[in-house]
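Open the model in your viewer and keep the selection panel at hand. The stops below are meant to be taken in order.

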Amino acid sequence: SVTCALVAHGAAGKLTRDADRPGERRMDESGFQWSIARLVNGRVRSLEAERRAIGLELAGLPIASGRQQSAALGFHAPILASVTEEYWVQVDLGTEETIDTIALVPVRMDTGVFSALGYGFPVRFRVEVSTLADFAAVETVVDHSREDFRNPGEYPALIPANGKRARFVRLTVDRHFARREDWVFALGELMVLAGNRNVAIGGVVTASRLPPDNAQWATRFLVDGQGRLGLPVVREESASNGFHSRHEQKPDLVKWVQVDLGRRMRIQEIRLIPARPTDYQDVPGLGFPVRFKIESSDEPGLENPRMLVDGTDRDFANPGENVVVLPQRDAEGRFVRVTATKLWQTSAECVFALAELQIYADGRNAALDVPVTAKDSFNDPRFPKWRREYLVDGFSSQHRLIELPEWLQGLERRRQLEERLRTLDLELGVAADTALVLLAQSIIIGLGGLASGVGALLWRQRRRRMREVEQMRGRIASDLHDDIGSNLGSIALAAQVAARRAAGQESARGYQEIERIARATSDAMHDIVWLLKPEHGNLQELLVRMRSVAEVMLKEREYTLDVVGEVPQLSLSLEFTRHVYLFFKEALNNLVKHSQSGMVWIRVDTGEGRLRLSVHDNGVGFDSMSPPPGEGLTNLRHRAEVLGGSFQLASRSGNGTTVALDVPLHPSVKSPFGAKSALRLSNE
């Protein structure tokens with residue numbers, strides 16, 4: 001249903017970044033206990049000094065935008081036959097280049113029930129270069145085919161090329177990213193740096209098996225220069241917005257802006273930096289021309305112009321906060337003019353605007369601080385950040401622009417520092433706890449009567465241990481998924497292959513049973529992994545998971561799943577989540593096994609502080625006074641009792657079956673150990 005889709009989208013959006021950002025600690029470091037730990041333990045002071053130094057360095061480093069600028073996600077290979085199927089993708093740079101660095105930009109997937117940073121990034125791979133298309137003569141840049149490569153998450157993986165000469169760059173994947181039931185390879189961008197330029201942009205992409213193109217995935221998206229990393233900037237704030245033409249009432253008017261490079265130059269590349277002002281309309285890509293052309297000439301009046309870029313025959317998709325890079329071959333000129341033939345339009349005005357125009361010649365931006373002329377420009381004393389000369393001042397509308405190598409190295413340094421911050425947080429906690437424990441022991445020995453102080457320290461330790469348990473849950477879940485899940489998949493695959501080879505023999509049945517058990521165990525393990533992950537402990541995530549389970553278990557039937565009303569922001573205990581989720585799965589399992597139904601109706605109501613779940617089918621039903629044997633209904637009734645709610649069963653032969661659960665959303669869940677685990681309420 002539409003309601004359930006909205007719930008899934010909202011919950012997936014919460015997975016974009018972990019709540020514990022590097023350097024943002026949840027402990028109260030301004031409190032008395034921390035001051036004592038700092039006083040008595042030099043280790044705490046030195047770790048804090050290191051963290052402050054890292055914070056200062058991070059403030060000057062680039063940061064990845066993290067926002068997807070368009071529907072295009074990058075390159076996606078066809079679904080692979082096995083986890084180790086060899087697959088390669090290759091880029092033709094067009095000419096031989098001296099390569100300094102190759103950057104593999106990961107994909108950020110955030111759609112439906114699957115969300116991941118580093119989606120599809122190869123687990124094992126090698127990168128090779130050649131001057132020949134058939135790779136008869138090849139040089140290996142890096143070989144990670146014998147060990148797993150750590151998924152880079154949101155940051156590019158940088159591979160030094162050390163000045164190798166090449167025209168063709170090939171990435172060969174030997175072990176693939178695992179999804180639930182298959183293996184994939186995907187990449188947001190493949191960048192090849194020669195000096196300050198990404199010479200892969202616009203290159204020809206080939207692959208061992210080419211996938212079909214669509215709006216999200218296409219071979220050309222691998223080298224289009226568009227992605228989620230944003231502009232190559234540092235955090236130094238800009239005092240300018242860029243160039244802005246006069247406002248017009250119609251979009252089909254011509255506007256132009258022109259730069260004088262000072263002398264005739266051989267132009268290698270043109271970059272258009274979109275505007276996103278801070279004191280004006282906050283719109284990514286504000287004023288970027290819908291249709292435009294770029295020409296060069298040796299005369300200021302652009303006599304006998306040379307056409308460098310002709311984009312006047314079709315609309316150009318607004319780049320948002322991405323650089324538009326336009327490679328050039330055999331282009332020359334002193335004067336370069338950008339002409340908008342169709343203006344960017346809102347409901348009230350039509351304009352042409354750019355934050356920066358960069359023109360690369362001899363590997364550098366030759367347009368920096370050169371004279372600028374224009375057909376007209378926007379002059380309003382209320383908005384002084386718009387001026388013609390700001391088109392070439394070295395700043396975007398928000399930050400200072402830097403060269404690609406510095407930018408990528410800055411992102412890599414940020415990744416390293418953020419990893420160190422995570423380690424520092426753990427080390428600080430251990431050092432502080434150690435200091436506090438030693439101090440508490442001294443107080444007990446010396447004064448003996450300060451029991452309340454000792455209690456406070458123990459309570460502090462208990463909070464720390466609870467956080468460590470949360471972290472351990474996450475690590476256990478990851479290890480189960482990565483190690484045991486991979487092994488079970490391998491067992492099932494091996495049994496499947498063996499069964500095919502033994503077809504017609506008595507041993508084939510044994511192999512089939514091994515495959516069935518392995519896959520069933522893998523499914524159960526996926527449920528455990530999901531329950532263990534701390535970020536899944538909320539009501540929205542539970543509903544998303546239930547929707548995913550319904551899609552799999554009811555794939556042979558028509559069904560609806562409706563979520564009634566607004567879903568509250570609630571954090572759930574592991575015990576509560578487990579019982580509700582297993583109740584729902586047990587109900588569907590009974591339905592699939594026994595109902596013989598063609599249609600299923602599922603309804604979830606989270607209003608009035610309660611969770612009401614009902615599953616109704618149009619199957620054969622049964623006499624509810626004489627339910628069928630087995631543990632299924634007993635398990636459902638037991639879970640309802642544990643949750644402090646009620647279980648209802650309604651069925652008649654030939655008229656289908658209804659299973660309903662009604663539990664409070666603020667219960668005390670009965671623990672098998674006698675304690676009570678309360679549902680946690682959160683407004684986060």
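Predicted model: local features only at pLDDT ≥ 70, side-chain atom pairs only at ≥ 80, totals over all residues.

**Stop 1: the largest nonpolar core.** Select Phe584, Leu588, Ile602, Leu613 and Val615, the residues with the most contacts inside the largest nonpolar core, which has 36 residues in total. Then colour the elements that give two or more residues to this core: helices 7 (539–553), 8 (574–594) and 9 (632–642), together with strands 27 (558–564), 29 (599–605), 30 (610–617) and 32. Helix 8 gives the most, with eight residues. Another core lies apart from this one; it has 34 residues, and Ala77, Ile102, Ile159 and Phe185 are among them.

**Stop 2: valine 615.** Go back to the largest core and centre on valine 615, one of the residues with the most contacts inside it. Beyond its neighbours within four places in sequence, valine 615 is in contact with Phe584, Leu588, Leu591, Val600, Trp601, Ile602, Thr657, Thr658 and Val659.

**Stop 3: threonine 657.** From valine 615, move to its contact Thr657. Threonine 657 is found in strand 32, which covers residues 657–664. Is threonine 657 buried or exposed? Its relative accessibility is 11%, so threonine 657 counts as buried, the cut-off for that being under 20%. Show side chains here: those of threonine 657 and serine 651 are joined by a polar contact of 2.9 Å. Leaving out residues up to four places away in sequence, threonine 657 touches Val615, His616, Asp617, Gly621, Phe622, Leu649, Ala650 and Ser651.

**Stop 4: the second largest pocket.** Select Phe221, Asp224, Gln226, Phe316 and Ala317, which lie nearest the centre of the second largest pocket among its 23 lining residues. The volume of this pocket is about 610 Å³. Strand 18 (306–311) and strand 19 (324–342) are the elements that give two or more residues to the lining. Strand 19 gives the most, with three residues. Sorted by class, the lining has 14 nonpolar, seven polar and two charged residues.

**Stop 5: two loop residues.** Select asparagine 304, in the loop between strand 17 (291–297) and strand 18. Its phi is near 50°, a positive value in a residue other than glycine. Most residues other than glycine have a negative phi. Asparagine 304 is exposed, with 70% relative accessible area.

Finish at aspartate 369, in the loop between strand 24 (364–365) and strand 25 (372–374). Aspartate 369 also has a positive phi, near 60°. With a relative accessible area of 59%, aspartate 369 is exposed.

Note on methods: Residues numbered from 1 in each chain as written. Heavy atoms only, no water. Helix = DSSP H or I, 4+ residues; strand = E, 2+ residues; numbered from the N terminus. Buried < 20%, exposed > 50% of the residue type's maximum accessible area, 1.4 Å probe, protein only. Polar contact = N/O pair within 3.5 Å; in protein donor to acceptor, adjacent residues only side chain to side chain. Contact = heavy atoms within 4.5 Å. 1 Å grid on protein atoms, 1.4 Å probe; cavity = no way out; pocket = protein on both sides within 12 Å on 5 of 7 lines; lining within 4 Å. Points joined across faces, edges and corners; volume = space filled by probe spheres on them. Nonpolar A, V, L, I, M, F, W, Y, C, P; charged D, E, K, R; others polar. Core = buried A, V, L, I, M, F, W, Y, C linked by side-chain atoms within 4.5 Å.
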